[in-house]
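Q: Can you walk me through this model? I'd like the aromatic contacts and the strand pairing.

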Amino acid sequence: SETTESSESNKHHVVFLKFLSTQKVFTAECGCRLQIFIPHHPLLPYFISLSLSAIYDLLTSPDCLPDLLQGGLAEQGVNEAFILTTFKLQPKSGTTVFGLFNPRDNSKYFEFTVMGKLNRAVLRYMRTDKRMSSVSFNNLVLADGQQHRLLFHLKGLQQQGPGGVELHLDCRLVETVRDLPAAFQGLPEGYGMVELKTMQAREQESLDELKLVVGDSFENVASLQDCHFQQRDSVQTLGVNTKQLSSQMLELTKVINELKDVLIQQVKETTFLRNTISECQACGLGGTEVVKPRCAPGVCFRNDMCIETANGIECAPCPDGYTGDGFNCDDVDE
């Protein structure tokens, strides 16, 4: 490792360069601007080819922020940045973990607050039109006496691709905000000063980490919090909302399968009933019985002339002295 110190006027500008086997990191403690010095070395071409990231420890060097947000990140051409924080809160407690504000009028640029009693967290930030927006994260248990790790992935700082913020809690994606806070798009002079405010240390509560990381991939930055991802879309990145949606989809699938079974049973019953009705002679829907006409008074010329046959009734021939078909007979003499 190499440690370099700048001139006396900038004696607080110190850069620690560390080359690791699995990750290559710049850890910067600075007053205003990050300065990197790489000495001549036989392996210099190899070192330059390595993936390097700049890490600003905001707990020990909060003065880095104003310079970075008011043009420093833009000068470095940074399009992605990451804020890492690790903290512990007592059950049901609430506090603002950290925030960026203007000390002149106490206006807020970016603030993350935990509401332990409600199991909720709120991200408040100023938009580019200087209006405030807030995003609530429900069902987040952050005040439980356990240590939690948050990672804010800020994208589109140089308007290269869609801008937004991804919030990861304990190595899982919780929410995606499709709006980039103004504080990370290069604050103009009209915005005034920028200062960092962090939670007050209390008994059994602590803010253990607050860092700004630039110049590296999401996977490498996440590994700083012992979060290891094979792919961004892997199951490990499923967040709270995605889990809820997956659970709802499984429940819906179960209901649909139950309805399917009911419909199949109803189809069987309907088919059985239809076949039964079609075969039922009494219902008149199948082969109905033919009602044959029977002999009755007045059918034939004389009642004793009526004859019942398989095809119906017939009348005997008219008696002597009469002519006709048996149904009607006329007297010949008349």
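A: What follows covers the rings, the core and the strands. This is a predicted model, where local features need pLDDT of at least 70, side-chain atom pairs count only at pLDDT 80 or more, and totals for chains, interfaces and linings use all residues. Residues are numbered from 1 along each chain as its sequence is written, and side-chain values use heavy atoms, with hydrogens and water left out.

Q: How many aromatic pairs are there in the whole structure?
A: Seven. Rings of Phe, Tyr and Trp (its six-membered ring) pair if their centres lie within 6.5 Å; planes under 30 degrees apart are stacked, over 60 edge-to-face, the rest tilted.

Q: What's the geometry of phenylalanine 110 with phenylalanine 152?
A: Edge-to-face, with 5.8 Å centre to centre and 80° between the planes. Phenylalanine 110 is in strand β7 (residues 107–115) and phenylalanine 152 in strand β10 (residues 147–155), so the pair ties together parts 42 residues apart in sequence. Strands here are DSSP E runs of at least two residues, helices H or I runs of at least four, numbered from the N terminus.

Q: Are those two buried or exposed?
A: Both phenylalanine 110 and phenylalanine 152 are buried. Buried means under 20% relative accessible area, exposed over 50%, partly exposed in between (1.4 Å probe, protein chains only).

Q: And what about phenylalanine 112 with phenylalanine 152?
A: Their ring centres are 5.4 Å apart and the planes sit at 75°, so that pair is edge-to-face. One aromatic cluster is formed by Phe98, Phe110, Phe112, Phe137, Phe152 and Phe184.

Q: Which residues have the most contacts inside the largest nonpolar core?
A: Phe112, Phe152 and Phe184, in a core of 48 residues. Such a core is a set of buried Ala, Val, Leu, Ile, Met, Phe, Trp, Tyr and Cys residues joined through side-chain atoms within 4.5 Å. Helix α2 (residues 64–75) gives the most to this core, five residues.

Q: Switching to strands. How many bridges join β6 to β7?
A: Eight, and the two run antiparallel. Strands pair if DSSP finds at least two bridges between them. Threonine 96 has threonine 113 in β7 as its bridge partner.

Q: What else does β6 bridge to?
A: Strand β13 (residues 195–198), antiparallel, through four bridges. Glycine 99 stands opposite lysine 197 there.

Q: Is β6 (residues 94–102) enclosed or open?
A: Seven of its nine residues are buried, so β6 is largely enclosed by the rest of the structure.
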